[in-house]
Amino acid sequence: MRSSGVLMHISSLPSPYGIGTMGKESRKFVDFLVKAKQSFWQVLPICPTSYGDSPYQSFSSFAGNPYFIDLEKLCSEKLLTRKECQSYQWGKKPGEVDYGILYQNRYPLLHKAFARFQKKIPEGYFEFCREQEDWLEDYALFMALKDTHDGKAWMEWEPELKERKPEAMAQAKADLADEVDFWKMLQYLFYQQWGELKSYANGHGIRMIGDVPIYVAMDSADVWAAPSQFYLNGNLEPIDVAGCPPDAFSDDGQLWGNPLFRWDVMEQDNYRWWTKRLSKMSKLFDVVRIDHFRGFESYYAIPYGDKTAKNGQWRKGPGIGLFRAMEQELGRLHIIAEDLGFLTEAVHEMLKESGYPGMKVLQFAFDTREDGDYLPHNYNTNSVAYAGTHDNDTILGWLKHAPKPCVAFAKEYLNLQQEEGYNWGVMRAAWSSVSDTAVVTMQDLLGIGSKGRMNTPSTLGCNWTWRMEPGAIDAKLIRRISKQMDLYGRAPKERAMA
C-alpha cells in the first residue's frame with residue numbers, strides 16, 4: 001500500500017522551554033500529519049545526546065533523552081511549577097536549540113522535580129525499573145559517576161571503576177544512591193511520556209519510524225557495561241574505530257571514532273546484544289530505520305589514533321546471519337535499511353535476502369560524484385523514497401549550493417518550475433515514484449533554505465539545532481500536502497486506528 005511520512009525530530013518542535021518535547025506540540029504535530037493524509041512520523045534517535053549534541057553519539061542505546069520530557073506535564077503532576085520552569089533561561093532564539101543553556105539549566109530544574117517525586121513515588125516506577133533493569137541499572141550508575149567525575153569519559157575514571165571491580169561498583173551504588181535514583185526517575189518519566197505520545201499517534205493512524213545508529217559512542221554505558229562486545233585492547237582502549245573511506249565528497253574520508261563490534265564474540269551467543277537492542281527499539285517504534293546497513297556486510301576499520309580515515313580497511317561483518325538470528329528470536333520486524341554509501345554486490349545481495357526496503361535519496365540522483373541508482377525511473381516498489389535526509393542540505397539549500405551541472409540536470413529531469421516552487425517539484429518526484437513509502441522533511445515542506453539543515457557530516461558545532469517556529473503550519477500548507485497525497489495515491493484509504 002502506498003504511503004507517505006514526514007521526517008521531523010522531537011527536538012525541532014516548538015516549545016517555550018528551549019527544545020521540542022513530548023507535550024502538546026507533539027500531539028499537534030500528529031494532528032497535522034492526520035490532516036495532511038500522512039501515515040508516518042519519522043524521528044531521529046531519541047537517546048540522550050553527548051559531546052557534539054548528536055543523537056548518533058549517545059551515552060546509551062536504550063535510554064531516552066531527558067530534554068524531551070515535557071515540563072508542562074510535570075507541572076500538571078505537581079512535580080514542578082510553571083514559575084520554576086520560567087525562572088530559567090532557555091535560549092534567545094525560538095528557531096534554534098541552545099544545548100549549552102539546556103545542559104546548564106535543565107538538570108537543576110529536573111532535580112526539583114525529583115525532590116517532589118521521592119515524596120510520593122508512583123507504583124509504576126518500581127515496575128518500570130524491574131522491566132528495564134537489564135540496561136537501566138548500568139545507565140543510571142554510569143550517569144551518576146559521570147557527574148561525580150565532572151563529565152569525564154569513563155576511560156579516564158579510576159581503574160577500579162573503569163574496570164567495574166565488584167567492590168568499587170558496590171561502593172559507588174551505595175555512595176551515589178540518590179543520584180542513581182534521579183537518573184532512573186528521568187527514564188521513567190521519559191518512557192511514560194513517550195508511551196503516551198506513541199499511543200496518541202497510533203490511535204490516530206500514525207505510525208512512528210525510529211532511527212537506530214549501527215554504532216554506539218565509546219563514552220557510553222553500552223561500552224562500559226559490556227566491553228567484551230567491542231574491539232578493545234587490554235587497557236579498554238579501541239584498537240580500530242569506525243568511519244568511511246575517502247571518496248568524491250571527502251579526500252580524507254569520515255572518521256567517526258566509534259568502537260567496532262567484536263562480531264566473533266557476538267556470534268557465539270547468537271548476537272544477544274543486538275537482539276536485545278532491536279527488541280527494545282521495536283517496542284518504542286512501529287518501524288525501525290537501521291543506520292549504515294551496509295556495515296553489517298562489511299565495515300571500514302581505521303587504526304585508533306589516526307587523524308583521518310585514509311588508512312582504514314574493509315572487513316567482513318556478520319552479514320545476513322545477524323538478521324536471521326534476530327528474526328528467529330523476535331519474529332519478523334518492520335525495518336528500513338539505510339543502504340547508502342559505497343555499495344558492493346554483496347551488500348545488494350544482503351539487502352535483497354533480508355527483504356527489507358532500502359532507501360532512495362533524490363538529492364543523490366543528480367550529483368555527478370554519486371554512482372548510486374537514485375534516479376526515480378530506477379526505483380523498485382520495496383523502497384522508501386526520500387527527497388533528502390537529516391544529513392543532506394534542504395532542497396532549496398542544495399539547489400543553491402550544488403554544482404551548476406547537477407542543478408541543471410535536476411531541473412530538466414524533474415521539470416522543476418519556479419511557479420510551483422522548486423522544493424515542491426523535488427518532493428513531487430518522491431511522492432510520484434513507485435516506492436511504497438515516501439518521506440520528506442518538515443524543512444522542505446516549509447520551503448526553508450540551508451538554515452534549516454539538521455546536520456553537516458564530519459563537522460562539529462551548529463548541527464542538530466533547527467526548530468520549527470510556532471505557527472509555521474497553516475491550513476493552506478495542509479491542503480496542499482493532502483492534495484498531493486490524493487494525486488499520487490498516498491492518502492490512507494482508511495485510518496488503521498490502534
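Predicted model: local features only at pLDDT ≥ 70, side-chain atom pairs only at ≥ 80, totals over all residues.
**View A. Helix α1 against helix α9.** The axes of α1 (residues 24–35) and α9 (residues 177–203) come within 10 Å of each other and cross at roughly 15°. Because angles under 35 degrees count as roughly parallel, α1 is roughly parallel to α9. The crossing of α1 past α9 is right-handed. On the α1 side the contact is made by S26, R27, V30 and D31; on the α9 side E196, L197, Y200 and A201 take part. Sorted by class, this contact of α1 with α9 has four nonpolar residues, one polar residue and three charged residues.

**View B. Helix α6 and what covers it.** Helix α6 spans residues 133–148, 16 residues in all. From its first C-alpha to its last, α6 reaches 22 Å, close to the 22 Å expected at 1.5 Å a residue. Its buried residues are W135, L136, Y139, A140, L141, F142, M143, A144, L145 and K146. The cover over these buried residues includes α5 (123–131), α7 (159–162), α8 (166–175), α9, α10 (221–225) and α12 (272–284). Just after α6, D150 has a positive phi of about 55°.

View C. S435 sits in the loop between α18 (422–432) and β12 (437–441). Its relative accessibility is 0%, so S435 counts as buried, the cut-off being under 20%. Apart from neighbours within four places in sequence, S435 is in contact with R2, Y379, N380, T381, S383, V384, A385 and R490.

Notes: Residues numbered from 1 in each chain as written. Heavy atoms only, no water. Axes fitted to C-alpha atoms, helices over the stretch in contact; angles between N-to-C directions. Helix = DSSP H or I, 4+ residues; strand = E, 2+ residues; numbered from the N terminus. Parallel < 35°, antiparallel > 145°, perpendicular 65-115°, else oblique. Left-handed = near helix turned anticlockwise from the far one by under 90°. Contact = heavy atoms within 4.5 Å. Nonpolar A, V, L, I, M, F, W, Y, C, P; charged D, E, K, R; others polar. Buried < 20%, exposed > 50% of the residue type's maximum accessible area, 1.4 Å probe, protein only. Expected span 1.5 Å × (residues − 1).
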